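The report below treats the sheet of this model and then its pocket.

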Amino acid sequence: NYIKNQTRIDIGVLFSRYIGDHFGTILWAQNPGDILPRRRFYENQGDKKEINIYAKIEQPLTDQITGFIDLQYRNVNYDVNGVLAGPKLFSVESEYKFFNPKAGITYKMLDNQQLYFSFSKAQREPTRSDFENGNPKPEILDDFELGWRINKSSFQIYSNVYLMAYKDQLALTGALDDVGTPIRENVGKSVRYGLE
């Protein structure tokens, strides 16, 4: 964090790694066939690595107007190898490079009232269950927001109008897979909008 006069800069880095073992074991079966009880009938390992670098700058432009820019870069590597129940081979080797910018401006109308507008782009990789149930693409979201804040000693009002434009949104289909996980599919372009 860096603050000088009225300029504020926040910079950060994140590295994470998640390794998950997935397996199934038969506890009991009336007719187990060739599979012995207490033995694994499938197993695979998922390895997800992420590097996330971000920076945010907040700067007053005039006495009444403040702006900010928020930049994020994410690199995600996802690898899975092994066998799923069935049995069937399961392998994922995916790398995603996401640049997620956000910018906004706030206008101070009165001491206790503000108007603001922001735009942001967010991109997200599919989950493991998405890979198990198909060949998904990452989601892309463009979000536009316009809001009005009132802060008084006796009450506060926050109102916000938003428009969320998706590309390849992973939406629920209403179906469940063989272990009861909801199935999602990419749906191309879609829009959500509303008032909060």
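Which residue in strand 5 is the bridge partner of N77? The partner is E95, and the two strands concerned, strand 4 and strand 5, pair in the antiparallel sense, where strands are DSSP runs of E of at least two residues and helices are runs of H or I of at least four, numbered from the N terminus, and where pairing requires that DSSP finds at least two bridges. The model is predicted, so local features need pLDDT of at least 70 and side-chain atom pairs count only at pLDDT 80 or more, while totals for chains, interfaces and linings use all residues. Residues are numbered from 1 along each chain as its sequence is written, and side-chain values use heavy atoms, without hydrogens and water.

Nine strands make up an open antiparallel sheet in the order 1-2-3-4-5-6-7-8-11. Because strand 1 (2–4) and strand 11 (189–195) are at the edges with a single partner strand each, one side of each has no neighbour in the sheet.

| Strands | Residues | Bridges |
|---|---|---|
| Strand 2 and strand 3 | strand 3: 40–60 | 18 bridges |
| Strand 4 and strand 5 | 65–84 and 88–110 | 20 bridges |
| Strand 1 and strand 2 | strand 2: 7–25 | three bridges |

In strand 2, R8 is the bridge partner of I3, and the hairpin of strand 1 and strand 2 has two residues between the strands, with N5 at a positive phi near 55°. In strand 3, K56 is the bridge partner of D10.

By class, the lining of the largest pocket has four nonpolar, four polar and five charged residues, with Ala, Val, Leu, Ile, Met, Phe, Trp, Tyr, Cys and Pro counted as nonpolar, Asp, Glu, Lys and Arg as charged, and the others, Gly among them, as polar.
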